[in-house]
Structures are given as structure tokens and as C-alpha cells.
Amino acid sequence: MSIDSETLVQHMNNQLSAIQPSDILAFNAEIANIPGIVRLTLGEPDFNTPEHVKDAAIKSIQNNESHYAPSNGTMALRTAAAHFLATKYNVHYDPASEVIVTAGATGGIYTALSSILNPGDEVLIPTPIFPLYIAIAKLNGAIPVFMDTSKNDFVLSPEQLKQTLADHPKAKAVVLNFPSNPTGVTYRRDDLKALADVLADKPIFVLSDEIYSELTYGDAHVSIAEYLPEQTILLNGVSKSHAMTGWRIGIMCAPKAITAQLGKIHQFTVTTTTANAQAAAAEALSNGMDDAQVMKKEYMARRDYLYKALNDLGFKSAKPEGAFYLFSKIPAGLPQDSMAFCRELAHEARVALIPGSSFGPGGEGYVRISYAASMANLETAVKRIGDYVASKATQTEAN
Ligand SMILES: Cc1ncc(COP(=O)(O)O)c(C=O)c1O
């Protein structure tokens, strides 16, 4: 008798049983075949990569840049990234020893968490949050400690952080993501300084995912690395700022001694990212430093429209100050289980949103609505949601 694959599955990494495939991708696949559905589920810009960036990639291919780049990335891109971050956010990294070009911010999240965490280690994670950190922490056998921020308008307060640290004094790392996916909330300078003050004397890493830093609608973005340069592993990239999600280029920065360790995992998992995509990203971060401004103007108009229109329909949310999401409370009288609500809305109103439960504790009862979609699609979605809400109200009255 030969061994079958079902038997072999039992022999795989135990941690895999602790993680589920992404709810977001599963839900997207589930509703994809509903005819004419408007999807406000996407976590990526609906713009094209700027022409000068594409041209740089074409030139790179024509110049036969088809070989392995240095593992940590080309010096051209590392230098452009360090200059970009210094100019925009006043954080300073040596391109030669403190910058790694990763396979998207995702690659950086994996490299950073696997470099820090041993099995059984605790990692503090404010929720609702982009679920990747939770899955990767669990893959490493670590224990996510959730800090539910839903009672505080989705802002992690210094008090909550302090209390969690007191309860979990051995925590290895805290994850921050701002502007936030899924809430659009971000931290102003004073808020950030107060969080930094809590962390400053603790032997804890700060994994700060600032991938939406170019998409802030109020004050300019401030990086926590400005306050905690020694402790921070900073993640950024071109996916959101330059509409380059498919190019898979992220930027990870940390002090030299930490970067040397991060480079080991990066080297043995990725080797190096695609050479011509790096040439494109170098162009984006040097000659396209302000490329995000045009997109940002458009996102802002959409945010203002959607925020008001949904609010008028009873979907209340904190006004997002960054990224391209609204995180709205499902109004009373509609299904409060966010997955059940999203299924019903998809089938009855042909609008797809992401259930808040996908983003960890504090997300249930909410939906994430992406405005990385055309204004015409947003208007159609609002009309359909309006009709759906009205039909539910009529049904309730009739009962
Ligand atoms: C907060 C956050 N971090 C990281 C990523 C992934 O970025 P990348 O495509 O550069 O891997 C996303 C994508 O949606 C995100 O929302």
C-alpha cells in the first residue's frame, strides 16, 4: 500500500492548523460570480502605475537587468528609498546597511516577525487590523495578544498600551499599522509621541507598517521611527503610493545590527526581489516622490462622498484620515453578524463589502468598505445599499 496525501497532511507543520486561509480572499471568491456585483472589497489602488515608472522597468529589461540583484536590493533602490523616507518623514537610514528591499510589505512582515519571534513568544496587536500579522505570528508559533480598540474610535491609547504591557511584560513585539487598514484611522504627532513614550524604555520591537503613509487626508504622516529609531522595524513600499501592488516591492528599514539579522531570513526565503521591478521602484521613489498626490486628491473626494452618503443611510463610521477604507457600523435592524450581513448584501443588493470579523476582535458588527473604486461604482453601490436598507425597513414594518 502506498502512502496517500491525506496521511502526509497530518505530518505537516503543526502551526498550519492554527491558521485559516484569508477570509477576505475567500469571501471575494465566493461572491465573484454574482452578475453585475459592485465590489468595494479591494485593498489596492484602482489607478495604473505611472508611465515614467513603467518606462524605467522597460528600460531595465532592455538593458538586460535580468540577473540576481544584491540580496538586500539594488543600491539604486535602497538609496532612493532612504532618501524618500528622510525627505518625507524625517527618518534616517543608511542604504548600505539599514534598508532591505522585500517582496512587498508582506515579505517584510514575514521576515520581521520570523526574525523576532520564538514559539510561545507574545506579540501585541491592536485590532481591528490587517489580518496578516496575526497569521504570520501564529505560523511562527507565537501568541497574538489582542488590544481591542473599538471602544476608543479604533485608536490605541497610551493607557491601553501601558496596561497591556504591564499584563504581558515579556511581549517581544508590538505591531502598529497607520494609516490603518481597515479603519482609515491614523495617529497624529502627539498621539504617536505618547505611544512612543510608553515603549521607549522597554525591550520590545515595534513593527510599524506605514504602507499607506502617502495617503493621509489631514496632517502629514509622522513615522514612529522618528521617536523610536532603535526599536522600530519600519515597513513601507510602493504598492499603495504608486499603485504598484503587482510589482511586489516593499521597503524594510531598521538599525544596522537588526538589519543584519533580518537579512538572513530575507536571503534564505526570497534571495532578492525582481531586478526590473526594483528599477521601477527606484524611479518611483526618486523621480515620482509626489506621484501619490494625484491619486490622493481623488481618494479624498470619494471618501467625502462615501462617508456622508453612508452616514445618511445609517452606516456610521469614524471619519478616515488615511488609506482608502471606511469601517462602518452595521445599522440596527440589519443582520449584526458581519459575515451574514455581507452575504445578504451581496446576494440581495449586489454590493460586496468585507465583514469586519475578518480583522480580529472589535471588528464584528462592522464592515470594511474600500473606496479604491470609481466614483460611478461608489454611486451605484450607495443607491443599491439605500434600496436594500429601505426594503428591510418596509419588511420590518410589514411584520
Ligand atoms: C496594512 C497593509 N500592510 C501590507 C499590505 C500588503 O502590502 P504589499 O502588497 O506591499 O505586500 C497591505 C495590503 O493590503 C495592507 O493593507
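# Reading a predicted fold: helix, chain, rings and backbone

Modeller: Let us start with helix α9, where I258, T259, L262, G263 and H266 are the buried residues. The model is predicted.

Colleague: What does "buried" stand for here?

Modeller: A residue counts as buried when its relative accessible area is under 20%. In α9 that applies to I258, T259, L262, G263 and H266.

Colleague: What happens in the backbone just after α9?

Modeller: T271 comes there, with a positive phi of about 65°. T271 is not a glycine. It belongs to the loop between α9 and α10 (275-286). T271 is partly exposed, since its relative accessible area is 39%.

Colleague: Which other residue has a positive phi without being a glycine?

Modeller: R350 is one, with phi near 60°. R350 sits in the loop between α12 and β10 (351-352). Its relative accessible area is 33%, so R350 is partly exposed.

Colleague: Now the whole chain. How many helices and strands does it have?

Modeller: There are 13 helices and 12 strands in the protein chain. The radius of gyration is 22 Å, close to the 21 Å from the globule rule for 399 residues, so the chain is as compact as a globular protein of that length. Along the principal axes, the C-alpha atoms fill a box of roughly 70 × 65 × 50 Å.

Colleague: What describes a pair of aromatic rings?

Modeller: Two values do: the distance of the centres and the angle of the planes. The whole structure holds 14 aromatic pairs. For F154 and Y366, the ring centres are 5.3 Å apart and the planes stand at 80°, so this pair is edge-to-face. F154 is in the loop between β4 (143-148) and α7 (158-167), while Y366 is in strand β12 (residues 366-370), so the pair ties together parts that are 212 residues apart in sequence.

Colleague: Is F154 buried or exposed?

Modeller: F154 is buried, at 9% relative accessibility. Y366 is buried as well, at 14% relative accessibility.

Colleague: What about the rings of F341 and Y388?

Modeller: Their centres are 6.0 Å apart and their planes meet at 70°, so that pair is edge-to-face. F341 belongs to helix α12 (residues 338-349) and Y388 to helix α13 (residues 375-398), so the pair ties together parts that are 47 residues apart in sequence. F341 is buried, with a relative accessible area of 0%. Y388 is buried too, with a relative accessible area of 4%.

Colleague: Which residues do ring pairs link into a cluster?

Modeller: The cluster is made of F47, Y212, Y299, F324 and Y325.

Colleague: One last feature. Where are there cis peptide bonds?

Modeller: The bond from T127 to P128 is cis, and its omega is near 0°. P128 is in the loop between β3 (122-127) and α6 (132-139). Another cis bond joins F178 and P179, with omega about -15°. P179 is in the loop between β5 (173-177) and α8 (189-199).

Key. Residues numbered from 1 in each chain as written. Predicted model: local features only at pLDDT ≥ 70, side-chain atom pairs only at ≥ 80, totals over all residues. Heavy atoms only, no water. Buried < 20%, exposed > 50% of the residue type's maximum accessible area, 1.4 Å probe, protein only. Helix = DSSP H or I, 4+ residues; strand = E, 2+ residues; numbered from the N terminus. Rg over C-alpha atoms; globule rule 2.2 N^0.38 Å. Phe/Tyr/Trp six-rings, centres within 6.5 Å; stacked < 30°, edge-to-face > 60°.
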